[in-house]
Number of protein chains: 2
Amino acid sequence: MVRKPELLSKKLGLTFSDPQLFALALTHRSASAKNNERLEFLGDAILGFVIAQKLYDRFPEASEGTLSRLRASLVNESSLAALARQHQLGDYLVLGSGELKSGGFRRDSILSDAMEAVMGALFKDQGIVACQQWIEQLFAEKLAGLSTLSGQKDPKTQLQELMQARKLELPEYTLISMSGLSHEQTFSVKCTIPILSDTTVGAGITRKKAEQAAAEKMLELLHKVNQ
Amino acid sequence: MVRKPELLSKKLGLTFSDPQLFALALTHRSASAKNNERLEFLGDAILGFVIAQKLYDRFPEASEGTLSRLRASLVNESSLAALARQHQLGDYLVLGSGELKSGGFRRDSILSDAMEAVMGALFKDQGIVACQQWIEQLFAEKLAGLSTLSGQKDPKTQLQELMQARKLELPEYTLISMSGLSHEQTFSVKCTIPILSDTTVGAGITRKKAEQAAAEKMLELLHKVNQ
């Protein structure tokens with residue numbers, strides 16, 4: 001049985017003037033044509049803004065690239081699903097019978113979407129300031145534990161984590177050439193990821209450095225596809 | 001000669017308490033290590049939020065997919081560059097000598113980034129309400145001219161526009177099979193885009209419908225890669 005949304009709003013520290021809005025945020029598209037997808041769209045945008053602003057203030061010396069990586073490390077499907085689980089949000093989701101049977105209330109994507117929809121609902125109910133405060137509180141611990149280092153993983157690690165997050169096969173690195181004398185060799189490495197037909201090539205004075213360079217170029221290529 | 005930022009802020013209808021912040025928004029990374037990239041990160045997030053909110057209110061019946069497409073049609077590199085050009089923003093950009101020589105002040109990406117950086121600067125200077133009002137004013141005409149139809153282009157058109165926006169080669173459609181009697185045939189069409197190694201296949205009762213179905217699957221696949 002799905003639990004009453006009031007119990008969850010209490011647990012989340014929220015009081016809604018319009019409880020229907022909160023109930024809508026917990027309704028998955030499998031249950032009704034009136035579902036949380038629009039609120040999720042709104043919540044996603046608000047969350048992106050609130051976290052961008054916190055990071056901008058918190059790390060005055062960080063580059064745009066570092067800020068983007070920090071945000072991606074804070075806000076992603078699995079981090080949002082974890083926050084949802086902390087508050088047993090799954091117990092309050094309204095799902096269609098198919099999703100219910102297949103355990104949709106445990107699924108990262110459904111939990112994460114509902115979490116964003118709750119943010120959207122709070123914004124519609126109480127405006128940006130209240131919503132911002134709640135999101136900041138929700139992420140307070142994570143924000144406190146953050147250092148610019150967490151956004152500065154090396155390119156190979158970043159690429160690997162990206163592939164894992166998207167449930168794609170991992171990148172492959174192939175040595176394509178070595179040149180020069182032993183104390184001043186140059187290595188060339190090709191990076192391939194199954195989903196892209198393009199490959200990238202990096203060079204470096206060690207094989208590892210060449211791999212990192214190839215990974216960095218692949219991240220740039222993915223960024224281009226992603227825009 | 002680069003013109004004085006005060007002239008531009010007047011033209012944009014803005015008065016900055018901290019004119020340095022506005023000057024920073026106009027400084028490209030080619031000119032200084034202290035440049036507009038951080039403000040652009042912030043502005044991009046604010047813009048996404050402000051437009052999401054406007055669209056949510058304006059189109060109460062639109063699906064999340066339609067809202068996303070509407071936002072992408074309003075907010076993209078070329079629309080932001082066009083807004084920048086309307087206000088001659090290029091004349092006020094601070095660029096490094098290389099970018100200056102190669103005409104960086106005319107480039108979409110540089111203009112669009114500076115436009116977002118101005119939004120970020122305004123937010124830091126005057127807070128979210130003032131920034132929101134200014135963005136809404138900037139997009140007022142475009143928002144007024146919008147209908148949910150503009151977000152409901154057919155999948156082939158959407159895919160083509162996406163490839164064009166990313167300056168990638170256009171998708172190709174290949175008929176792979178036809179089956180059934182003449183009045184109840186089923187067509188299968190494969191969609192290929194050069195950047196992805198995966199292809200998608202769509203089926204339909206006409207070749208055109210099969211192409212649309214294949215394009216739709218390709219959009220979904222790109223969405224997955226994009227997340």
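Which residues in helix 3 of chain A meet helix 3 of chain B? The legends below begin with that view.

**View 1. Helix 3 of chain A against helix 3 of chain B in a predicted model.** From helix 3 of chain A come A:R38, A:L39, A:F41, A:L42, A:A45, A:I46, A:G48, A:F49, A:A52, A:Q53 and A:Y56. They meet B:R38, B:L39, B:F41, B:L42, B:A45, B:I46, B:G48, B:F49, B:A52, B:Q53 and B:Y56 in helix 3 of chain B. Contact means heavy atoms within 4.5 Å. By class, this contact has 16 nonpolar, 4 polar and 2 charged residues. Nonpolar covers Ala, Val, Leu, Ile, Met, Phe, Trp, Tyr, Cys and Pro; charged covers Asp, Glu, Lys and Arg; the others, Gly among them, are polar.

**View 2. Axes of the two copies of helix 3, residues 37-58 in chain A and in chain B.** The helices pack at about 155 degrees, with axes 9 Å apart. That makes helix 3 of chain A roughly antiparallel to helix 3 of chain B. Angles over 145 degrees count as roughly antiparallel, under 35 as roughly parallel, 65 to 115 as roughly perpendicular, and the rest as oblique. Axes are lines fitted to C-alpha atoms, for helices over the stretch in contact, and angles run from 0 to 180 degrees between N-to-C directions. The crossing of helix 3 of chain A with helix 3 of chain B is left-handed. Left-handed means that the near helix is turned anticlockwise from the far one by less than a right angle; clockwise is right-handed.

**View 3. The interface of chain A and chain B.** Here 37 residues of chain A are in contact with 38 residues of chain B. The two chains bury about 3,600 Å² between them, 61% of it on carbon and sulfur atoms. Buried area is the accessible area (1.4 Å probe) that two parts lose on being put together, summed over both. A:R38, A:F41 and A:Y56 supply 24% of the area that chain A buries against chain B, more than any other three residues.

**View 4. A salt bridge between B:K124 and A:D57.** The closest N and O atoms of this pair are 2.6 Å apart. The rule finds 2 salt bridges across the interface of chain A and chain B. It asks for a side-chain nitrogen of Lys or Arg within 4 Å of a carboxyl oxygen of Asp or Glu.

**View 5. Helix 3 and helix 4 (residues 64-74) within chain A.** The axes come within 10 Å and cross at roughly 130 degrees. Helix 3 of chain A and helix 4 of chain A are therefore oblique to each other. Their crossing is right-handed. A:G48, A:I51, A:A52, A:L55 and A:Y56 of helix 3 meet A:L67, A:L70, A:R71 and A:L74 of helix 4. The contact divides into 7 nonpolar, 1 polar and 1 charged residues.

**View 6. The elements of chain A.** Chain A has 10 helices and 3 strands. Helices (H or I, at least four residues) and strands (E, at least two) are DSSP runs, numbered from the N terminus. The order from the N terminus is α-α-α-α-α-α-α-α-α-β-β-β-α.

**Conventions.** Residues are numbered from 1 along each chain as its sequence is written, and chains are lettered from A and ligands numbered from 1 in the order in which they are written. In this predicted model local features need pLDDT of at least 70, side-chain atom pairs count only at pLDDT 80 or more, and totals for chains, interfaces and linings use all residues, while side-chain values use heavy atoms, with hydrogens and water left out.
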